[in-house]
Amino acid sequence: MAFFETARRIGRVLPWRAAHRGAGLLAQPMRVVLGVRDGATPGTKPPVRIFVGSEPAQYRAERVFFWSVEQVRDPGRVYEIYVMKELSGFDRRGWLTGFTNYRFAIPHFAGGAGKAIYNDVDQIYLADPGVLFDADLGDHGFLALSDRDTAVMLIDCARMASIWALAAAQRERRKAMEEKARAIPGLRGPLDSSWHARDAEYKPGCSKLLHYTAIHMQPWRPFPRRYAYQRNPVAHVWFELERAADAAGYQIFTSARPSAHYQALPAPLRKVCTEVLEYLPDEDIPWVLDELFRHAARFVSATITTTSGVRLLPDGTGVRRLRDRSWWLAHFEAASARHPQTRWQLVVHARTAWGRKTTRTYEGGRRLHGPPAVWILTDDHPGNTTQSLGLAKALGWPYETKALHFTPLLQTHEVLCGAFGATRLGLDKTRSATLAPPWPDLVIATGWRTEHIARWIHKQSSGRTRLVQLGRKGGRVADHFDLAVSCTYFRLPPHPRRVEITTPITQ
């Protein structure tokens, strides 16, 4: 029996390996057409073709990329944007990103004719890409900054079709593909550097495209589990675009213009229903949630089931990487920001490849009934108590103070406390306040001694309790909390859940 149980569990993991060896979701890039705007006079120039390399974790970057094009494009011209994401047949092992080699398949996807622009998804346009598309290639097969930097290219698809063939792009490494082009003298032509400003090369008013090349400094933090993100000196350019897109309620796809993936789903799954959210394409989740929030009178409730690894789609056409709870929570919080008057609840049932099941409940938006129940966790450090109580009094909500006392070892051993995680280890229960249901809606605490207790309360409440942690040591890892409040001079890494203030809070 042990042998068969082990084999069953291994079988759950193997599809993940298959996904990297060629299994994928799509045979062709996803095409999005930006047509002539209403009231604009149609031009005579051919459509601008842009191929974008992307992956599921870059959903925020995708949206801002499209929005950047919308801001600077010629309103009388057609723009065709092809998103290359989760394409089938590619061996992705050894790729730096989830789209590394897609660029070399553009001549094939473009039908071996005409011109095409290639962009990585971590870029934004600051000038009309139509100007780049209309550039003269001369005798060159493609334009790029160098033969080793192909993150922005203008490609002659007819010339490059035989050099960058689909089969080679699917199997060979990036260096080998670039070497094929390098071996032909004059095949690459120089690209005007204003069309590819990398990070600090950005010059306001001069740069026409900005590329956030340093993965650990990308402002939208696509891989928070892989990188400790640092500040980017030009992050404000990207954030200004995202804020403008939020203010305009912009989505790449809408209920009137859903993705082709959504339209291909069976009719029962196309209904806007909380029971089938996990079956909908990634691209359509934002507008579907907007529809749910917009039509809800006061409250939206959804239940999601996630599983690690990959699974077949309902029609058996391919595999979809399952989204974890943080992915869903990010989308619900984004929808809530656009509809702040609507209360929401998200219940996530998670099942790992080894059969373990967990349930977490998240809530947000405007409260339906009365003020929240608030607990203040205090320790023997008066400065910590001052900050927590100062914030609680400023909020104006009723609160209950929970005085905590710790064992002598924990009182002086910060590293040991940090290793505890979400537990009550080290808490002197005989001298501390009782921590028992009903669990509060909000916990406010300061300092490293109270950190693991706050996280334990969050765990006991199945995720319902929101945590606000103040201080340098207690709030070092912002991912553990709903909000971490830190002073600027702490020099802690930036995070979407971190608010920086000038000095510690006082009463």
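# Exercises on a predicted model

Phe65, Phe66, Tyr125 and Trp195 come together in one aromatic cluster, where rings of Phe, Tyr and Trp (its six-membered ring) pair if their centres lie within 6.5 Å, with planes under 30 degrees apart counted as stacked, over 60 as edge-to-face and the rest as tilted. The model is predicted, so that local features need pLDDT of at least 70 and side-chain atom pairs count only at pLDDT 80 or more, while totals for chains, interfaces and linings use all residues. Residues are numbered from 1 along each chain as its sequence is written, and side-chain values use heavy atoms, with hydrogens and water left out.

**Exercise 1.** Classify the aromatic pair of Phe142 and Trp164, and state whether each residue is buried or exposed.

*Solution.* The structure holds 22 aromatic pairs. In the pair of Phe142 and Trp164, the centres are 5.1 Å apart and the planes make 45°, which is a tilted arrangement.

**Exercise 2.** Describe the open sheet of 6 strands and find its edges.

*Solution.* Begin with the order, which is 17-16-18-19-20-21 with parallel pairing; two strands pair if DSSP finds at least two bridges between them. Strand 17 (399-403) and strand 21 (498-501) each have a single partner strand, so one side of each is left without a neighbour in the sheet. Then look inside the sheet, where strand 19 (residues 466-470) and strand 20 (residues 483-487) pair over 3 bridges, and Gln469 has Ala484 of strand 20 as its bridge partner.

**Exercise 3.** Decide how far helix 10 is enclosed.

*Solution.* Of the 11 residues of helix 10 (residues 285-295), 9 are buried, so the helix is largely enclosed by the rest of the structure. Among these buried residues are Trp287, Asp290, Glu291 and Phe293. For the protein as a whole, buried residues make up 50% of the 507 residues.

How values were computed
Helix = DSSP H or I, 4+ residues; strand = E, 2+ residues; numbered from the N terminus. Buried < 20%, exposed > 50% of the residue type's maximum accessible area, 1.4 Å probe, protein only.
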